[in-house]
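Q: Please take a close look at one part of this model, the open sheets, and say how far the model can be read around them.

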Amino acid sequence: MEQRGYKAWRERRCWFAVMVVLDILWSGASAQIRYSISEEVQDETVVGNIAKDLGLDKSALKDRGYRIVTGSTEPLFHVNQNDGILYVKRRIDREEVCDRVSPCLINLKTVLENPLEIHYVAVEILDINDHSPVFPEKEKRLEISESALPGARFQLQAARDPDVGQFSIQQYRLSHNDYFRLEVKDRGEDRKVPFLVLQKQLDRETAGKHKLRLTAVDGGKPAKSGAIEIIVDVLDVNDNSPVFAKELYSATLKENVPVGTVVIQVNATDLDQGANSEIIYSFGKEVDARLMDVFSIDVNTGEIQVIGQIDFEQSKSYEIDIQASDKGPVPLTTDKSVMITVIDVNDNAPEIEVTSFSSSIKEDSKIGTTVALISVSDLDSGINGKVICTINEDVPFSLSPSLQENMYAVVTRSQLDRERVSNYDVTIVAKDTGEPSFSTEKTIRVIVSDVNDNSPQFSSSPYTFYITENNSPGASVVSVKASDRDESDNALISYHILREASRDNKLTSFLNINSETGDILALKSFDFEVLKKFQFQVVATDSGTPSLSSNVTVNVFILDQNDNAPVILYPVSSNGSAEGVEEIPRNVNAGHLVTKVRAYDADIGYNGWLLFSLQEVTDHSLFGLDRYTGQIRTHRSFTETDEAEHKLLILVKDNGNVSLSATATVIVKLVEPKEAFAASDVKSATKVDEEDNVTFYLMITLGSVSVLFIISIIVLIAMQCSKSTDYTSKYLQETNYDGTLCHSIQYRSGDKRYMLVGPRMSIGSTIVPGSHANTLVLPDRRRGSGEVRHI
């Protein structure tokens with residue numbers, strides 16, 4: 001409030017507070033002038049008219065660049081170039097600019113150019129009483145013992161006033177009291193240090209605390225002041241012993257209470273204060289160390305807590321000596337005894353002991369077979385020591401009580417099956433009848449040992465394999481696999497081939513099987529042209545005692561490869577080479593059949609499908625060759641200019657992946673009609689014999705193929721009847737057979753259809769990558785009828 005009044009007074013007089021002291025010294029081209037102004041005046045307050053005081057021409061100030069030379073900091077003053085008046089540019093705080101330096105001078109350097117003139121201006125900042133005395137703290141606490149003597153001095157913290165001179169601190173005042181007075185020591189430079197002097201001995205029991213007020217006052221008008229609260233705490237002298245609240249402390253405690261349970265709390269008081277009245281609790285010096293393992297006492301609160309096991313069977317009661325001590329320089333103590341009585345409870349759980357145990361039992365053991373003998377016990381007595389023993393109901397075991405009390409036998413109550421459950425965790429529960437009741441569980445693991453009661457089982461029955469002919473002798477061709485649900489030796493499987501005296505099983509002499517892995521090796525190479533399929537049986541036997549076995553039928557289909565080159569049946573010369581001579585009259589017309597090249601391939605499907613082509617011919621315009629039938633016909637009539645003899649080289653090749661071929665040479669001679677008739681009579685007899693031989697060979701070949709075809713159909717139909725619908729086979733007559741010695745067979749395995757192709761294929765047929773050379777997979781066109789078409 002005093003500061004606000006003073007500020008208003010200062011603003012009213014700000015225009016009249018400027019005291020100008022003019023002291024102009026002329027010395028060459030420089031002069032000096034001095035002004036004084038109070039701090040905290042408003043911005044743009046006039047300090048003085050420098051131009052007038054120095055006698056400068058006001059009209060030339062701007063042209064001569066009249067200015068104040070300043071440093072890097074923001075200037076406090078600025079000069080008007082039009083009239084030469086010096087103004088305050090920003091608020092000036094004398095304490096900020098000069099701290100406690102007196103007088104506070106700010107030197108300014110002004111410059112005029114053309115010609116150069118330098119004038120020095122000194123501005124004195126006058127102090128105003130704008131600060132009150134301030135103590136470093138608002139409250140000061142002193143601790144003085146009640147035994148302190150009168151005359152004792154206690155230095156207090158001095159107040160601080162940033163103002164100087166008469167506005168600084170001039171005096172200190174102490175509030176009225178009966179015990180203390182104030183002394184002030186002057187240390188110069190406006191520094192006055194107050195001291196508190198004890199003038200009457202203190203008595204804590206009469207007054208334990210004294211509140212004083214110290215005030216610092218400056219010399220301003222009106223004066224400003226600051227105060228600090230001084231609290232004197234009278235320190236006590238330890239002259240009282242602790243006193244317990246009760247004459248006798250006793251408590252009851254149930255055994256087995258949890259650690260941390262508070263048993264009882266003792267309480268003592270002390271009339272002293274401070275450390276002399278602070279009490280700590282402890283066990284007496286004669287307390288047994290074992291008792292301190294069971295109980296603890298809180299040194300501050302006096303709570304006695306349980307830290308160990310309370311067992312009624314070990315101790316029925318406890319007597320504890322407690323000591324209360326204060327914290328005086330010479331501690332005073334008081335002793336007291338605490339009686340604790342223990343109450344018995346059902347605190348012992350039953351115990352289970354396995355006296356005899358067979359960890360393994362055979363899966364074919366009879367019901368009632370003993371697995372283990374157990375005994376149960378409880379340290380409690382009476383109803384708390386009576387035990388009921390049970391076993392889990394979800395295992396094929398039960399408890400059978402014996403003649404002796406608390407003895408039981410673990411026996412089987414149903415048939416065991418290791419393949420279903422190989423081991424059991426049998427949990428035995430023993431529960432007493434106390435309140436609250438306790439129970440104990442013990443788990444024993446019973447291993448069910450294996451008995452050889454499972455035969456090996458093949459992964460498929462029957463097995464059907466497809467292998468290509470010309471396999472490498474000694475290499476694995478197929479493999480069978482069986483498993484046994486038993487374990488160890490009972491599941492160790494060995495394989496062997498069942499060899500019988502039947503025709504099909506004569507081939508088993510050419511087969512060998514790895515007895516450990518089931519891999520079957522062929523000791524010879526199979527030939528499709530000799531053997532289309534065969535069947536044998538594999539026996540899997542385990543190593544149990546007695547051993548068990550099972551067998552499986554293995555059907556092996558030989559798939560054709562292109563391993564036979566075409567054989568020329570006609571023409572054939574007398575020395576066995578594929579070469580012949582045909583004589584025809586010159587006057588034959590176009591389209592005349594010259595001869596027909598006949599060939600045979602022992603392979604089937606594509607591998608046996610033959611195509612004919614002309615490799616060499618003397619005149620391409622005369623002869624043509626049908627690529628499917630091998631017929632050689634004339635393209636046109638002969639002329640006189642045509643040569644009398646023509647050589648035709650015919651290439652016959654099959655359609656295997658790697659095609660094989662043979663060549664035949666036909667020499668066509670042109671003769672006159674009369675010669676042709678004579679020659680035909682001579683050749684007819686020979687040709688009849690040759691054609692008879694060719695016909696005989698063709699009949700044998702076609703008969704063999706037909707027999708094999710019928711046998712294949714019968715075998716596959718029999719397999720179809722003996723199997724599920726996952727494997728079906730159907731064979732149909734090829735309607736588009738073009739006369740070459742080849743045929744086709746279709747069959748189905750699972751969800752795929754296979755075909756051994758003939759000479760003409762369906763446009764929709766595709767060769768499966770990785771399939772055998774003459775096997776195709778047909779698109780399924782059954783439309784729900786289940787029929788398979790033959791292409």
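A: pLDDT, the predictor's confidence in each residue from 0 to 100, stays under 50 over residues 1-30. For residues 1-30 the model has 46 contacts beyond four places in sequence, a contact being heavy atoms within 4.5 Å. Residues 752-791 also stay under 50 in pLDDT, with 107 such contacts. Where pLDDT is low, predicted coordinates should not be read in detail. The chain has a mean pLDDT of 79, with 83% of its residues at 70 or more.

This is a predicted model, in which local features need pLDDT of at least 70 and side-chain atom pairs count only at pLDDT 80 or more, while totals for chains, interfaces and linings use all residues. Residues are numbered from 1 along each chain as its sequence is written, and side-chain values use heavy atoms, without hydrogens and water.

Strands are DSSP runs (E, at least two residues) numbered from the N terminus, and two of them pair if DSSP finds at least two bridges between them. Strand 40 (residues 533-542) runs antiparallel to strand 41 (residues 549-559), and 9 bridges join them. Thr541 has Ser549 of strand 41 as its bridge partner.

Another open sheet, also mixed, has 4 strands in the order 43-50-49-46. Strand 43 (579-585) and strand 46 (611-617) each have a single partner strand, so one side of each is left without a neighbour in the sheet. Strand 49 (residues 645-653) and strand 50 (residues 661-671) are antiparallel and joined by 9 bridges. Opposite Lys647 stands Ile667 in strand 50.
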